[in-house]
Each structure stands twice: as structure tokens, then as C-alpha cells.
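Welcome! Have a look at the chain below, and then we will walk through it together, one topic at a time.

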Amino acid sequence: MKFGLFGINFGPCADPDTARRVARAAEEHGLESLWTGEHVVLPDPQAPPSPSPPETPFLDPAVALACVAAETKTIQLGTGIIILPQRNPLVLAKELASVDVVSGGRLIFGIGIGYLKPEFDALGIPFDDRGPRTVDYLNAMVALWTQPKPSYQGRFVTFEGVQAFPRPLQRPHPPIVIGGATPAALRRALRHANGWYGFALDLDATVRCIDALRATEREVERPSALGRLEISVTPAGKLDVDALHRFADAGVDRLIVYRPARTAEDMLATVERIAELQSRFNRP
């Protein structure tokens with residue numbers, strides 16, 4: 001099982017010096033990946049289901065990952081997640097291809113459809129069609145990244161007679177991870193992604209989601225080119241070595257650990273704790 005750190009672009013890590021320190025420490029301690037979150041705007045005042053106070057600083061994921069890419073050499077860089085229907089897909093394709101190039105091919109492209117209607121209202125984007133819009137935008141981005149003469153005709157985006165270089169270094173494109181625990185999200189992951197991401201799940205919820213994925217696999221045709229679906233989870237609750245083994249036994253391939261933090265020291269302590277657990281988990 002691989003181990004990652006969530007939160008490299010917000011809270012304490014919205015300060016670039018802190019983000020660079022945490023990224024270097026994560027790589028030095030042998031973590032596999034760093035992950036961003038995303039909210040372009042936040043409701044003010046905060047109200048459920050908004051996860052963060054409106055004053056929480058969120059660096060743009062592409063900017064944050066480019067920043068820490070310059071400080072690291074091997075650690076993978078994931079967007080966990082980008083709210084795709086809120087973005088222009090061609091602009092985002094350019095931004096993320098650039099991140100993949102400047103990082104030497106280390107981007108993992110994690111996406112979700114979003115769930116905060118006030119965000120969509122503020123951005124002038126319809127909330128109700130965000131699921132099909134996400135799939136359409138994703139297909140358009142893949143076309144731009146992979147086709148020699150890119151063209152695409154979809155419900156929400158159409159283009160032809162254009163080019164966008166550089167392409168991502170990873171071929172055919174960076175790994176795609178789709179988040180969400182609804183039946184529709186599971187179907188999207190199986191049809192369109194290399195991986196699935198479940199956020200803030202305890203072990204029981206993780207098992208339920210993986211069981212649902214396996215049941216959905218019997219109903220959904222998965223393109224063979226996508227390979228096996230990789231399972232990533234940000235775990236909720238206490239983590240010890242026994243819990244790690246239980247997540248692994250359930251079928252989790254990557255744990256992306258998040259612990260709320262106020263300071264750089266809090267983030268660095270989390271990195272050290274993950275590294276300690278990783279070492280104990282891998283001990284014969």
C-alpha cells in the first residue's frame with residue numbers, strides 16, 4: 001500500500017515556504033504522493049455541507065503543485081480533487097499538461113463533480129448538470145492531450161482545428177482518478193478513470209464503497225485500456241498499524257492521510273507520523 005499526504009495547497013500550506021518544506025520532508029520520508037484540495041470560492045457565512053470556513057486560503061492546485069514540483073524529484077503530485085465542471089476544460093488541460101511537464105511526469109489528475117451549490121451559483125455554472133458536464137469536459141481534455149489533430153464534439157464543449165502543446169509527458173495522459181461515493185460517481189470511475197478516490201471514509205464506509213464498486217463492475221463495461229481500478233482513500237478516525245492492514249485487506253491501494261493543521265509544525269508532524277506508520281506497516 002502506498003501513502004500520501006492531503007492538504008499541500010491550503011491551510012498552513014497556502015504559505016509557499018511551508019508547502020515547500022512539507023513537500024521536501026514528505027519526499028525525504030518516503031511518501032508516495034502529495035495531494036491538493038479545491039474550492040474556488042467558499043460560502044460566507046459557512047453553512048453545511050461547506051467543509052471549511054470562508055477565510056480558509058486555497059492555492060490553485062496547478063500553481064501549488066508546480067511550486068512543490070520545483071522542490072522535489074520523485075514524489076507524485078495529485079489533484080484531490082479538481083471540481084471539473086467549474087473549469088474551462090481546454091484552459092485546465094493546458095495548465096495540467098504544464099504541471100506534468102515541469103514536474104517531469106508526476107501528475108495524477110483527480111477530479112470530482114462538486115457538491116456546494118453556492119460555489120456553482122457564484123461561478124455562473126449550472127449545478128444540476130454537473131455530472132454529464134464533468135464527463136464531457138474530461139473527454140474533451142483527453143482528446144486534446146492524445147489526438148494528433150485534436151477535435152471533439154460534445155454536449156457542452158466542441159472544438160476542432162486547434163493544437164495545444166506541450167502535451168503531458170505521461171502517455172497517453174496522466175492517471176485519472178475520479179472521486180465520490182454515489183452510485184453515479186462509482187460508474188464514472190469505472191467507465192472513465194484509472195483510479196477511484198474516497199474521502200474521509202472510515203473502514204466500514206471504505207468496505208461498503210469497495211463492495212459497491214465491485215458490484216457496479218458487473219454492470220458497467222470498463223475499457224480495457226484503463227487497466228485495474230486503483231483505490232485511494234483518505235481515512236477517517238484513528239490510524240494505527242492494525243488499521244492500515246485492515247484498509248489494505250479491504251483492497252485499498254493508497255492511503256492519502258489528512259489531519260487538520262494550524263501550523264507548519266503540525267504538517268511536518270503529520271508527515272513524520274505517516275512515515276512512521278508506513279515503516280511499521282512494511283516491517284516483516
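Two strands pair if DSSP finds at least two bridges between them. Helices (H or I, at least four residues) and strands (E, at least two) are DSSP runs, numbered from the N terminus. Strand 3 and strand 5 run parallel and are joined by two bridges. This is a predicted model, where local features need pLDDT of at least 70 and side-chain atom pairs count only at pLDDT 80 or more, while totals for chains, interfaces and linings use all residues. Residues are numbered from 1 along each chain as its sequence is written, and side-chain values use heavy atoms, with hydrogens and water left out.

**How the strands join up**

- Strand 2 runs parallel to strand 3 (residues 76–79), with four bridges joining them, and L34 stands opposite L77 in strand 3.
- From strand 2 the chain crosses through helix 2 to strand 3, and this β-α-β crossover is right-handed (with the strands pointing away from the viewer, the path from the first strand over the helix to the second runs clockwise).
- L77 also has a bridge partner in strand 5, namely L107.
- Strand 5 (residues 107–112) in turn runs parallel to strand 8, and three bridges join them; here I111 has I178 as its bridge partner.
- Three bridges also join strand 8 to strand 9 (residues 195–201), again in parallel, and G179 stands opposite Y197 in strand 9.
- A right-handed β-α-β unit is made by strand 8, helix 6 (residues 183–192) and strand 9.

**What is tucked away**

- Buried means under 20% relative accessible area, exposed means over 50%, and partly exposed lies in between (1.4 Å probe, protein chains only).
- In a regular strand the side chains alternate between the two faces of the sheet.
- Strand 8 (residues 176–179) is covered on both faces: I176 and I178 are buried on one side, and V177 and G179 on the other.
- T36 belongs to strand 2, and T36 counts as buried because its relative accessibility is 0%.
- Apart from neighbours within four places in sequence, T36 is in contact (heavy atoms within 4.5 Å) with several residues, including F6, I8, P61, L65 and T79.

- Is V40 buried or partly exposed? V40 counts as partly exposed because its relative accessibility is 42%.
- V40 sits in the loop between strand 2 (33–36) and helix 2 (61–69).
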